[in-house]
Amino acid sequence: MKFRTPSTIKPEEIHKMLDVVEGRILPLTEEFVRKGHNLFGGAVLDPVTLEPIVVGSNRRSDNPVFHGEVETLLRFYQLKDRPKAEDLVFLATHEPCCMCFSALAWCGFKEAWYLFDYTETDKDFNMPDDLIMLRELFGSQDIRRNNSYLNLYSVKEAAKLSSDAEALMARIEALKSKYKALPVVL
């Protein structure tokens with residue numbers, strides 16, 4: 001399988017990822033936030049069509065390790081005839097924390113994308129824990145996004161490089177506003 005990168009992904013593929021966030025992940029997240037969970041979500045995507053195979057959202061009130069990515073992985077591994085993770089694409093609404101990034105690597109994903117980075121999660125969503133965990137547990141302020149296990153890419157950075165940058169960035173900002181409006185109880 002040939003993997004996408006921010007410089008090779010097509011504008012219509014970025015739009016498709018944003019469609020998945022807006023049409024599939026966000027509605028589930030809105031439902032889960034009303035139940036007291038957090039706003040992080042994810043999807044496992046078909047590598048060709050980028051159609052979601054499964055979507056999930058944070059369930060921290062049920063179990064503190066049920067982050068959006070982990071919940072999505074749990075749903076994925078419940079599928080009877082699931083494809084191999086290494087042949088699929090993972091999409092996260094927010095840059096995966098160190099636990100979730102490791103879970104993606106352990107599962108075998110090779111290509112993963114996120115919409116909002118650690119700095120946005122801290123400043124725009126008032127959730128600095130990802131950066132604090134990295135600093136306190138690992139003495140770092142960042143993860144190695146490109147490594148021998150998988151490559152993690154920013155949807156926003158790809159959008160900025162796109163020939164449809166203006167429309168894509170407008171969609172991303174609109175999505176950020178919707179996520180910021182969620183009534184998350186910290």
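**Salt bridges, a covered helix and a nonpolar patch**

The count of salt bridges comes to 18, in a structure that is a predicted model. Side chains of opposite charge can pair when their charged atoms come close.

**Salt bridges**

- Arg145 forms a salt bridge with Glu95, and the closest N and O atoms of the pair are 2.6 Å apart. This pair links distant parts of the chain, since Arg145 sits in the loop between α5 and β5 (151-154) while Glu95 sits in the loop between β3 and α3, 50 residues apart.
- Glu95 is buried, with a relative accessible area of 2%, whereas Arg145 counts as partly exposed at 21% relative accessibility.
- Glu173 forms a salt bridge with Lys156, with 3.9 Å between the closest N and O atoms. Here too distant parts of the chain are linked, with Glu173 in helix α7 and Lys156 in helix α6 (residues 155-161), 17 residues apart.
- Glu173 is partly exposed, at a relative accessible area of 37%, whereas Lys156 is buried, at 10%.
- The side chains of Lys35 and Glu31 meet in a salt bridge of 3.4 Å, N to O; Lys35 counts as exposed at 54% relative accessibility, and Glu31 is partly exposed at 32%.

**Arg171 and its partners**

- Arg171 lies in helix α7, which covers residues 165-180, and its side chain makes a polar contact of 3.0 Å with the side chain of His15.
- A second polar contact, of 3.5 Å, joins the side chains of Arg171 and Glu22. Leaving aside neighbours within four places in sequence, Arg171 is in contact with His15, Leu18, Asp19 and Glu22.

- UniProt, in an unreviewed entry, lists residues 40-114 as "domain: CMP/dCMP-type deaminase". This span is 27% helix and 28% strand, and its end C-alpha atoms lie 11 Å apart.
- Helix α2 (residues 68-77) is mostly covered, with 7 of its 10 residues buried, among them Glu69, Leu73 and Phe76.
- The buried residues of α2 pack against the helices α1 (11-34) and α3 (98-107), and against the strands β1 (41-45), β2 (52-57) and β3 (89-94).

**A nonpolar patch on the surface**

- Met133, Leu137 and Phe138 make a nonpolar surface patch of about 340 Å².
- Leu137, found in helix α5 (residues 129-138), is exposed because its relative accessible area is 56%, and exposed means over 50%.

Definitions and conventions
Residues numbered from 1 in each chain as written. Predicted model: local features only at pLDDT ≥ 70, side-chain atom pairs only at ≥ 80, totals over all residues. Heavy atoms only, no water. Patch = residues over 30% accessible without salt bridge, like charges linked within 9 Å, V, L, I, M, F, W, Y side chains within 5 Å. Areas by Shrake-Rupley, 256 points an atom, 1.4 Å probe, with all protein chains shown as cover. Salt bridge = Lys/Arg side-chain N within 4 Å of Asp/Glu carboxyl O. Helix = DSSP H or I, 4+ residues; strand = E, 2+ residues; numbered from the N terminus. Buried < 20%, exposed > 50% of the residue type's maximum accessible area, 1.4 Å probe, protein only. Polar contact = N/O pair within 3.5 Å; in protein donor to acceptor, adjacent residues only side chain to side chain. Contact = heavy atoms within 4.5 Å. UniProt positions renumbered as here; feature names shortened; annotations may be inferred.
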